[in-house]
Amino acid sequence: MTDHLQLFITTFVITLLAIFLMIPIANKIGLVDKPAGRKQHVGAVPLIGGICVFTGVALTLSWYGLPENVHYYYLLCGGIIVLLGVFDDFYDLSVKLRLVVQLLVGATMVYGLGLYVSNLGNLFALGDVSLSYIGIPFTLIAVIAAINAFNMIDGIDGLAGMMAGVSFVSVTLMMGIGGQLEHALLPMILVFALIPYLLFNLDVVGKGKGKIFMGDAGSMLIGLTVIWLLIIGTQSDSASFRPITALWVIAVPLMDMVAIMLRRIRKGQSPFKADREHLHHIFLRLGLNSRQALVVITSFSCMLATIGVIGEYLMVPDLIMLLLFLAVFSAYSYGLQHIWRIIRALRRYQNKGSG
């Protein structure tokens, strides 16, 4: 336990130092996010969160000699994703180029580790659903989906970081209980790397003068790390939880992305077209400030992840967990699509009751 605490403190300190070092560098080279269009923050904000989080994780793993084969591949893939994100923050790369690089990273993970989604579990109560080699393209799609889910949800201060924290803590808990102790360290190292970022991003430190954003480098790194851990947790020889549980661990980013993309497709738009229709945008238009929206969405994410973890612990049948997840997603998607109609109906009911 003492060794682990030392590991986590080291990650925290390295990430914190990286932030202090990178803020002036980012301002000097122009790696900043300037308010314009959908971006309504004040002043130019350094886009260094992802770089600093990765620095903290990479140096800690290397310093303590932790990297096994799986960690070497993680640092390689993570480094490529962070580099892609930095270039995207600088030059606003095309969707096609981002997808190609993400696909290559996914392929590196699959073929480097020989690990992919080959079994979906007993989803239909008829025995395990085996994907065989279809699992490889399925995994590549899952990698791209996870990376972009966290990239899309990074819309208000602290949100991507808190969503990541919920996922990482949930995975750590299940890996610890399930006996994957050698893999349970990585998600907790990520948590301690995210804490300094959140302190600056949420203005706990600096009070506006030291504010930083995660940038595409950070949100994409988080998405990659989450899907990496979920595949190890569900598909490796020492798997510690079922594939259906993985859906609950990333429920909010996943549901938000799918619901938004389906809506855009129905409108005849590109599914990757940026807009202000995400869950956090809805809460802001309802009158909540960004901090209140963060608390509500994080609480919702915690609730869904808790359902998944409890369902895993009690071994609730996969089919029941799947049907429950689909019910939650349907309610979420409908609510997001008809939120203003629902609000008007509630107000009419409230006025009728008070009258």
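What is the volume of the second largest pocket? In this predicted model, the second largest pocket has a volume of about 810 Å³. Its lining is made up of 30 residues, of which Phe138, Ala142, Leu247, Ile250 and Leu254 are the closest to the centre of the pocket. At least two lining residues of the second largest pocket are supplied by each of helix H5 (135-153), H8, helix H9 (243-249), helix H10 (251-266) and helix H13 (318-337), and the largest share, 7 residues, comes from H5.

Helix H8, one of the contributors to that pocket, spans residues 215-235 and has 21 residues. From its first C-alpha to its last, H8 reaches 30 Å, close to the 30 Å expected at 1.5 Å a residue. Because 21 of the 21 residues of H8 are buried, this helix is largely enclosed by the rest of the structure; buried here stands for a relative accessible area under 20%.

The structure holds 1 cavity of 30 Å³ or more, and the volume of the largest cavity is about 30 Å³. The residues that line the largest cavity are Val70, His71, His183, Leu186, Trp228, Leu229 and Ile232, with H3, helix H7 (181-201) and H8 as the elements that give two or more residues to this lining. Among these elements, H8 gives the most, with 3 residues.

Helix H1 (2-29) and helix H3 (69-91) each supply at least two residues of the nonpolar patch, and H3 gives the most, with 4 residues. Is Phe87 buried, partly exposed or exposed? With a relative accessible area of 43%, Phe87 is partly exposed, because that class lies between the limits of under 20% for buried and over 50% for exposed.

| Feature | Helix giving the most | Contribution |
|---|---|---|
| Lining of the second largest pocket | H5 | 7 residues |
| Nonpolar patch | H3 | 4 residues |
| Lining of the largest cavity | H8 | 3 residues |

Terms used. Residues numbered from 1 in each chain as written. Predicted model: local features only at pLDDT ≥ 70, side-chain atom pairs only at ≥ 80, totals over all residues. Heavy atoms only, no water. Expected span 1.5 Å × (residues − 1). Buried < 20%, exposed > 50% of the residue type's maximum accessible area, 1.4 Å probe, protein only. 1 Å grid on protein atoms, 1.4 Å probe; cavity = no way out; pocket = protein on both sides within 12 Å on 5 of 7 lines; lining within 4 Å. Points joined across faces, edges and corners; volume = space filled by probe spheres on them.
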